[in-house]
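Student: I have a new structure to look through, and I would like to go over it with you step by step. Could you put it up first?

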Protein chains: 2
Amino acid sequence: MPELRKDPVVDRWVIIAPERANRPSDFAPAPRRPSGARHCPFCPGNEAETPPELLAGRPSASARDTPGWTYRVLPNRYPALKIEGGLDPAAEGLYDRMNGFGAHEIVIEAPEHDASLATMPADWVTDVLMAGRERMLDLRKDERIAYVLFFKNHGEAAGATLEHPHSQLIATPVVPGLVAAELAGAARHHEIRGRCVWCDILHQDRGSARLIVEADGFTVLAPYAPRFAFETWILPNCHRSSFEECGLEELQALARSLGDLVRRMNRALDFPAYNLILHTAPLRAPTLPYYHWHVEVVPRLTTVAGFEWGTGFFINATPPEDSAARLRESGE
Amino acid sequence: MPELRKDPVVDRWVIIAPERANRPSDFAPAPRRPSGARHCPFCPGNEAETPPELLAGRPSASARDTPGWTYRVLPNRYPALKIEGGLDPAAEGLYDRMNGFGAHEIVIEAPEHDASLATMPADWVTDVLMAGRERMLDLRKDERIAYVLFFKNHGEAAGATLEHPHSQLIATPVVPGLVAAELAGAARHHEIRGRCVWCDILHQDRGSARLIVEADGFTVLAPYAPRFAFETWILPNCHRSSFEECGLEELQALARSLGDLVRRMNRALDFPAYNLILHTAPLRAPTLPYYHWHVEVVPRLTTVAGFEWGTGFFINATPPEDSAARLRESGE
């Protein structure tokens with residue numbers, strides 16, 4: 001059973017998940033193998049190799065766990081957290097721990113092994129977003145789950161271990177550290193100024209050199225103080241604290257925005273690995289006037305790593321005004 | 001001029017340093033070149049290629065910026081922060097910024113290109129620690145500098161761009177985020193319990209499966225909630241808040257402890273890349289009853305990266321009790 005442990009100094013929860021060490025990887029050591037050269041458990045026809053699906057797009061009403069799907073959602077075979085058992089929070093002397101209760105699911109985004117957010121029709125991407133929303137709405141029925149992280153690691157440098165396009169959902173009994181810090185900082189801003197900090201950012205940055213593109217109610221921009229080169233945020237213009245309250249039209253527009261951004265990154269940065277992370281309010285939070293859901297996208301361009309992790313101190317050689325200009329010029 | 005910018009949501013300062021993009025790297029793309037195959041500006045005889053030295057060990061009293069040194073401290077040619085000019089803090093609408101004022105120095109640890117903490121005599125490592133302490137004592141005279149980060153990136157996967165053994169000092173006008181979080185968490189612990197949290201950790205963990213080794217007044221252990229596989233802390237048994245208050249004997253013991261730990265990691269993990277980071281109280285802080293200086297060492301074993309950066313949510317497949325056992329068994 002995985003375990004959640006808390007650092008007693010900075011109150012940071014960490015998942016200790018020994019079984020994750022057993023998961024396979026289809027990334028070969030360099031030089032890179034040609035795409036698709038190995039067996040893939042996420043390709044159509046191999047449904048028996050995955051845990052039974054929780055949800056799937058089956059336009060021709062094919063049977064569960066058989067081909068004919070457009071997307072599939074399944075439990076991760078090597079979960080960071082498990083839905084069985086209780087939390088059993090306990091002290092270990094000075095320390096706090098609880099069972100690694102939660103859920104870890106995979107969204108296989110398309111049957112095609114070589115599909116990507118850059119090439120998938122916006123309708124397919126909308127289906128993936130709708131599937132994620134559906135799973136969040138289902139998971140939030142369980143009161144022990146505080147948060148659902150919906151994210152995507154694309155490419156080996158971004159931490160992906162399988163190449164077939166997929167996103168992930170991790171449902172946790174605690175709110176992740178950076179989300180908690182965002183909630184606290186945004187609440188403080190709202191208390192002092194009476195406004196949502198992201199609404200303020202939108203107001204100021206739409207007229208700045210950090211704007212990349214605005215379309216269909218979404219603003220894509222390079223943040224003022226990015227930790228990483230080409231870090232990019234996608235913000236809905238309309239204030240809303242929870243992603244799962246979005247309707248179909250909003251997700252359709254987000255899908256178009258995501259595809260457009262990944263194509264810009266591919267042109268400007270030669271098909272980078274990237275992480276895509278949804279930031280949204282905790283499950284079952286009331287409508288929050290100070291939190292504004294958004295998507296953060298970070299291409300993985302450098303191997304520079306450990307120092308920043310160890311200190312929380314980030315050095316970025318690319319001013320966001322420069323990265324925004326590059327991505328603006330890389331539009332279709 | 002580099003610039004410091006603050007994220008308005010989570011109050012995180014980031015250094016935007018465009019000139020860092022110009023620095024050279026002697027790491028070739030894979031496959032790896034044989035060690036020492038290229039020209040190295042840090043090797044003896046090439047002193048003219050570096051900025052003039054600030055400090056050096058010259059046992060035979062050789063001239064500045066000539067061979068004959070045992071270690072050298074120099075300004076970084078591609079600094080993240082610069083000592084010229086003032087802070088000039090200012091608002092940019094919603095945002096806060098200041099000039100990238102500070103210092104960025106390099107400690108070349110030994111003349112030998114292939115030396116390492118594992119092979120250097122403890123006396124040489126002591127000299128490096130003494131040189132770092134000396135620079136901290138000098139930098140703290142400048143009241144604009146709040147903190148000095150003393151750290152080492154070893155190996156390409158840890159973010160090193162030059163192979164010759166070296167550590168770095170970055171002097172900043174603000175306290176780095178994770179250090180600030182440690183200070184706040186430790187002050188809270190002290191307020192509630194009246195004790196230093198690291199003294200409590202020492203008390204509990206010396207008798208636990210997370211102890212790696214204790215010698216000469218230093219305890220080496222795997223922390224209870226490590227973010228990374230084989231994350232290891234070196235804690236002085238004696239409570240002290242500032243590294244720069246340590247005497248020669250304490251640094252000699254730390255040097256032996258560092259060499260021993262790196263040799264254990266080399267045996268257990270096949271010569272991993274690693275980051276080594278000194279955590280100490282801010283400059284000119286009074287003696288703090290709640291802060292306890294220490295060293296954190298993190299080998300870079302996986303490429304998994306971006307998700308953790310984006311969420312503050314860490315998944316670690318190696319329980320610290322397992323990593324401690326491996327490192328205990330890898331002693332001399």
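Student: Which residue stands opposite A:I315?
Tutor: A:I315 stands opposite B:I15, which belongs to strand β2 of chain B. The two strands involved are β15 (residues 314-316) of chain A and β2 (residues 13-16) of chain B, which run parallel and are joined by three bridges. Strands here, like helices, are DSSP runs numbered from the N terminus, with at least two residues (E) for a strand and at least four (H or I) for a helix, and two strands pair if DSSP finds at least two bridges between them.

Student: Before I go on, what should I know about the model and the numbering?
Tutor: This is a predicted model, in which local features need pLDDT of at least 70 and side-chain atom pairs count only at pLDDT 80 or more, while totals for chains, interfaces and linings use all residues. Residues are numbered from 1 along each chain as its sequence is written, chains are lettered from A and ligands numbered from 1 in the order in which they are written, and side-chain values use heavy atoms, with hydrogens and water left out.

Student: Back to β2 of chain B, then: how does β1(B) pair with β2(B)?
Tutor: β1(B) and β2(B) pair in the antiparallel sense over four bridges, and B:E3 is opposite B:I16 of β2(B). The two strands form a hairpin with six residues between them, and B:D11 in the turn has a positive phi of about 55 degrees.

Student: And which residues of β1(B) sit on which side?
Tutor: In strand β1 (residues 3-6) of chain B, B:E3 and B:R5 lie on one side and B:L4 and B:K6 on the other, and all of them are buried, so both faces are covered. Buried means under 20% relative accessible area, exposed means over 50%, and partly exposed is in between, computed with a 1.4 Å probe on protein chains only. β1(B) also pairs with strand β6 (residues 95-99) of chain B, again antiparallel and over four bridges, where B:K6 has B:D96 as its bridge partner.

Student: Now the two chains together: how many residues are in contact?
Tutor: On chain B, 78 residues are in contact (heavy atoms within 4.5 Å) with 78 residues of chain A. Between the chains there are four salt bridges, a salt bridge being a side-chain nitrogen of Lys or Arg within 4 Å of a carboxyl oxygen of Asp or Glu. The side chains of B:E321 and A:R5 form a salt bridge, with 3.1 Å from N to O, and both residues belong to a network of salt bridges that also includes A:E3, A:R97, B:D205 and B:R210.

Student: What about salt bridges elsewhere, how many are there over all chains?
Tutor: The search of the whole structure finds 56 salt bridges. In one of these, A:R135 meets A:E105, with the closest N and O atoms 2.6 Å apart. That pair links distant parts of the chain, 30 residues apart, since A:R135 is in helix α1 (residues 122-139) and A:E105 is in strand β7 (residues 103-108) of chain A.

Student: Are those two buried or exposed?
Tutor: A:R135 is buried, at a relative accessible area of 10%, and A:E105 is buried as well, at 5%. In chain B, the side chains of B:K141 and B:D138 meet in a salt bridge at 3.2 Å, N to O, where B:K141 is exposed at 64% relative accessibility and B:D138 is partly exposed at 34%.
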